[in-house]
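Please keep the sequence and the three-dimensional view at hand while reading.

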Amino acid sequence: MKKLTFALAVFCVALFAGQASAHFGMLIPDTDELSQDKRTVELTLSFSHPFEGQGMELEKPAAFFVAVNNEQKVDLLSSLTKTEVMGHTAWKTSFTPKAPGMYTFVFDPVPYKEDAENNYIRHITKVVIDAYGEGEEWNTPLGLDTEIVPLTRPFGNYAGNVFQGVVMLDGKPAPYTRVEVEYYNKDGKRQAPNERMVTQEVLADGQGVFTFVCPWKGWWGFAGLNTAEQPYEGRELEMGAVIWVNMQ
Ligand SMILES: [Cu+2]
């Protein structure tokens with residue numbers, strides 16, 4: 001009996017440890033603003049645990065593009081070169097806009113096989129860059145299979161600002177979606193006092209709107225999580241709508 005209790009305890013610890021750390025599609029630029037002094041943005045794509053600094057393998061994405069002013073989509077997949085993030089395969093590129101405007105970068109990964117959760121994970125991940133102060137229509141959906149449409153301007157924010165967005169799934173707001181939030185703890189200076197505080201969590205309301213206050217400077221990732229109607233390769237497919245926002 002004692003053995004069984006011990007086994008159960010170990011199982012529970014493993015279970016909770018697994019829940020505490022969340023995967024995030026990561027699309028991190030070296031700036032959220034381009035100007036005369038900084039004309040090129042360097043972007044890094046990975047699939048990682050941003051707070052804890054644990055990496056996973058990111059296969060070359062199924063798609064990677066930039067939407068210029070929400071409209072013209074420029075395919076950038078062939079511009080990606082291999083790199084490493086947190087000790088695992090990641091991808092990078094650089095991009096120099098030819099004109100002022102708003103540049104939304106998006107990658108759509110090949111679904112990641114997660115044996116620990118017996119599912120596949122597809123995080124469609126985006127980040128918005130304001131070039132020469134011309135980013136204006138930042139509240140327009142791109143029409144992705146799932147995405148977060150910002151209600152807070154997704155660039156030029158102070159630490160301590162609220163970030164608000166609508167989780168969209170198949171073109172419609174997704175009520176009561178669970179949104180996981182993580183800080184990109186790049187230099188490892190932040191410590192969570194306990195496992196459960198690594199990932200923060202909020203729920204969207206009945207209109208799919210969620211709200212979160214970002215307490216620190218740096219990049220914050222928001223992942224609205226739903227399950228696809230159709231399984232993928234015989235398993236459940238987690239559909240993540242991810243956006244990264246910088247707080248200054
Ligand atoms: Cu993971």
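## The copper site

Donors are N, O and S atoms within 2.8 Å of the metal (3.2 Å for Na, K and Ca); water is not among the atoms, so sites may look incomplete. By that rule, the protein donors of the copper ion are H23 through ND1, H49 through NE2 and M56 through SD.

H23 counts as buried, at 9% relative accessibility, and M56 counts as buried at 9%. Buried means under 20% relative accessible area, exposed means over 50%, and partly exposed lies in between (1.4 Å probe, protein chains only).

## Basis of the model

The model is predicted: local features need pLDDT of at least 70 and side-chain atom pairs count only at pLDDT 80 or more, whereas totals for chains, interfaces and linings use all residues. Residues are numbered from 1 along each chain as its sequence is written, and side-chain values use heavy atoms, with hydrogens and water left out.

## The chain as a whole

The chain contains 1 helix and 19 strands. Its C-alpha trace spans about 70 × 40 × 40 Å along the principal axes. For 248 residues, a compact globule would have a radius of gyration near 18 Å, and the chain agrees with this at 18 Å. This radius is taken over C-alpha atoms, and the globule rule is 2.2 Å times the number of residues to the power 0.38.

Of the 248 residues, 49% count as buried. The chain exposes about 12,600 Å², of which carbon and sulfur atoms supply 51%; accessible areas come from the Shrake-Rupley method with a 1.4 Å probe, and for residues only the protein chains shown count as cover. A contact means heavy atoms within 4.5 Å. Among contacts between residues at least 6 apart in sequence, 65% join residues at least 24 apart.

## Aromatic pairs

A search of the whole structure finds 13 aromatic pairs. Rings of Phe, Tyr and Trp (its six-membered ring) pair if their centres lie within 6.5 Å; planes under 30 degrees apart count as stacked, over 60 as edge-to-face and the rest as tilted. One of the pairs, F47 with Y112, is tilted, at 4.9 Å centre to centre and 55° between the planes. F47 lies in strand 3 (residues 41-49) and Y112 in strand 10 (residues 112-114), so the pair ties together parts that are 65 residues apart in sequence. F47 is buried, with a relative accessible area of 5%, whereas Y112 is partly exposed at 23%.

F212 and F222 form an edge-to-face pair, at 6.0 Å centre to centre and 75° between the planes. F212 lies in strand 17 (residues 209-213) and F222 in strand 18 (residues 218-227), so this pair ties together parts that are 10 residues apart in sequence. Both F212 and F222 are buried. Ring pairs link F163, Y183, F210, F212, W216, W220 and F222 into a cluster.

## A residue of strand 3

T44 is found in strand 3 and is partly exposed, with a relative accessible area of 28%. Not counting residues up to four places away in sequence, T44 touches M26, L27, I28, T83, V85, W91 and K92.

Conventions: Helix = DSSP H or I, 4+ residues; strand = E, 2+ residues; numbered from the N terminus.
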